[in-house]
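Here's a quick briefing to read with the model open in your viewer. It starts with the chain-chain contact and then works through the pieces.

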Amino acid sequence: MGSTVNAQSRPERLHKWLVSGPPLLYLLVFFAAPVLIMVLASFRNPGDFGGLAPLFTQDETGRHLQLTLDSYGRFFSDALYARLFLKSFFYAAATAVVCLAIAYPLALLIARSPKRHRDIMVLLVILPFWSNFLIRVYAWIIILGPQSVFVRALNGLLGLVGIGPVTLLYTPFAVIVGLVYVHLPFMVLPLYANLEKHDPALLDAAQDLGANAWQRFWRVTFPLSLPGVYAGAALVFIPALGIFAIPDILGGTEGIMIGNVIKQQFLDTRDWPFGSVLSMVLTAVAVGLAGAAAWVARRQRV
Amino acid sequence: MSRRSPWMWAAAFFAYAFLYAPLVIVVAYSFNDSRLNAEWVGFTFDWYDRLFHDEKMLIGARNSLFIGLTASAVSTVLGTMAGFAMYRYKARLLQLLVLAPIAIPEILMGVSLLIFFVLAGVVLGLTSIVLSHIAFCIGFVAIVVRARLAGMDESLTEAARDLGATPWRAFRLVTLPLIMPGVVAGALMAFTLSIDDFVITFFTAGIGASTLPLQIYTMVKISVTPEVNAVSTLLMLLTLALILIATRLAPGVLRAE
């Protein structure tokens, strides 16, 4: 009997490897290996002309493995980089808060709309997200640029109350507007997914017990929606933290984030070890936060 | 009892306006007879005309098309296999490798592939871009295919096996036709993601090759003209068409996953 089971499971195992082998191999070569090489690169010396110095050096005593913690030392000794991380953190947090403020009423409205309207309302939130990322960022150059109808009207109004004309493009403000615009759907969707499951009877009960509209929201709806809030905040905050194209296009010199410095290390300064250190710290922070968010979400559910 | 208050409607209206106004503005100015994206001067097709005579833009578009078609073809095959393996065999390592590229910061994947290709002696250009795009598209195809498999009636494949079909025949004649809408939707998704990708392409392109998004980036950085609006409008139309096809083939593909 045992041999029959084995005879059946051997081709089964063969099929498993035939099917999962090729994608596994591809991702090992073109995803896992590059990431591991980058981890190793963060411990290597920068090359004389950019890139990496040789891993081994040869002298009369033999071959020597050249690994160093110099790049990590540089990161932790120079407050500039800690400040930069803090600044990126602040931009990403501000983005999450503004997204929450815009997304919450929208998600609530969709969740409380008749079932037949919900799909189309959600689709309308996702649709802009499918247009090219750069186009969506570019649009804000037009809107926030000094020539734009919007900015001239705004400055006209400000002029009436005696405030000088403001510049919006190439400022941290423009960066946060761009970040909010690009990440808004990531906040709406988890909020909607949560709010949609709320039992309307809870609100009826609260009303019967004399709660007014504000109390019903603040004491019933909002606490129940917290898992959606956390999920949305994580989905906005984490990608916003590592972005480089938005500050690059909208931020000018003042609005740069950690992603811009990583890009600079790889393409301009060509200090790969230090760029790798920055990427690894960024990833550690992002993965750590994602893990924390998942943990909080699981505890909330219990 | 309706729980939708007027302020909720107002806030939602603002949110939708915020989402769509920028795109409407980009499209509108692509027809404006002025170099500045400011005052409305008059209607024109000039920017489209200029776009179709812009050598660099055309090369970028051709490269994007080639990369998108190649990367989506390969990643659809590999992604379908991965989705099937994840569903049928609960392959843990594969699952991790499939989902990780979606979860980590995009810039990390870009720079690590840059190091990898340079150390491996691969000249940065079309080849390195295609290889990178396949790597990040596999996961998206796998997720869509696995979702389709999860919604499938398992007993159909079992019946085919009971009737003596080999696993391959059962897959080809029963499972594959049933999950085909998921596979096609995954392919369209991969194509869209590849055509749209900026960050990973930016790091793996080198000076050898340019794509449409890279070309848009250069234009946006150097000189903002309504030609960017024109190419943006055309790209939006293309994406919209692909989405319509995808939703036709697999309703629910675009919903929150």
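The contact between the two chains takes 66 residues from chain A and 68 residues from chain B, where two residues are in contact if their C-beta atoms, placed from the backbone, lie within 7 Å. Keep in mind that this is a predicted model, in which local features need pLDDT of at least 70, side-chain atom pairs count only at pLDDT 80 or more, and totals for chains, interfaces and linings use all residues. Residues are numbered from 1 along each chain as its sequence is written, while chains are lettered from A and ligands numbered from 1 in the order in which they are written.

**The chain A side of the contact**
- H1 (2-41), H3, H4, H5, H7, H10 (245-250), H11 (258-267) and H12 (272-301) of chain A each put at least two residues into the side that touches chain B; helices (H or I, at least four residues) and strands (E, at least two) are DSSP runs, numbered from the N terminus.
- H1(A) gives the largest share of that side, with 19 residues.
- Sorted by class, the side of chain A that touches chain B has 51 nonpolar, 12 polar and 3 charged residues. Here Ala, Val, Leu, Ile, Met, Phe, Trp, Tyr, Cys and Pro count as nonpolar, Asp, Glu, Lys and Arg as charged, and the others, Gly among them, as polar.

**Domains and hairpin of chain A**
- Chain A is split into domain 1 (2-55) and domain 2 (76-301), with bounds that come from an automatic or database domain assignment.
- The C-alpha centres of domain 1 and domain 2 of chain A lie 35 Å apart, and their contact takes 10 residues from domain 1 and 8 residues from domain 2.
- On the domain 1 side of that contact there are 5 nonpolar, 4 polar and 1 charged residues.
- Strands S1 (56-59) and S2 (62-65) of chain A pair in the antiparallel sense over 4 bridges; two strands pair if DSSP finds at least two bridges between them.
- S1(A) and S2(A) make a hairpin with 2 residues between them, and Phe56(A) has Leu65(A), in S2(A), as its bridge partner.

**Chain B overall**
- Chain B has 11 helices and 0 strands.
- Its C-alpha atoms fill a box of roughly 70 × 65 × 30 Å, taken along the principal axes.
- Of the 257 residues of chain B, 47% count as buried, that is, with 20 or more other C-beta atoms (placed from the backbone) within 10 Å of their own.
- Among contacts in chain B between residues at least 6 apart in sequence, 77% join residues at least 24 apart.

**Helix H1 of chain B**
- H1(B) (residues 6-29) has 24 residues and reaches 33 Å from its first C-alpha to its last, close to the 34 Å expected; the expected span is 1.5 Å times one less than the number of residues.
- H1(B) bends by about 35° at Tyr20(B), with Pro22(B) following within four residues. The bend is the angle between axes fitted to the seven residues ending there and the seven starting there.
- The buried residues of H1(B) are Ala12(B), Ala15(B), Leu19(B), Pro22(B), Val26(B) and Tyr29(B).
- What covers them includes H3 (79-111), H4 (115-126), H5 (133-144) and H7 (172-195) of chain A together with H11 (226-249) of chain B.

**Helix H5 of chain B**
- H5(B) (residues 106-119) reaches 20 Å from its first C-alpha to its last, close to the 20 Å expected.
- H5(B) is mostly covered, with 12 of its 14 residues buried, including Glu106(B) and Phe117(B).
- Gly121(B), with a positive phi near 75°, follows H5(B).
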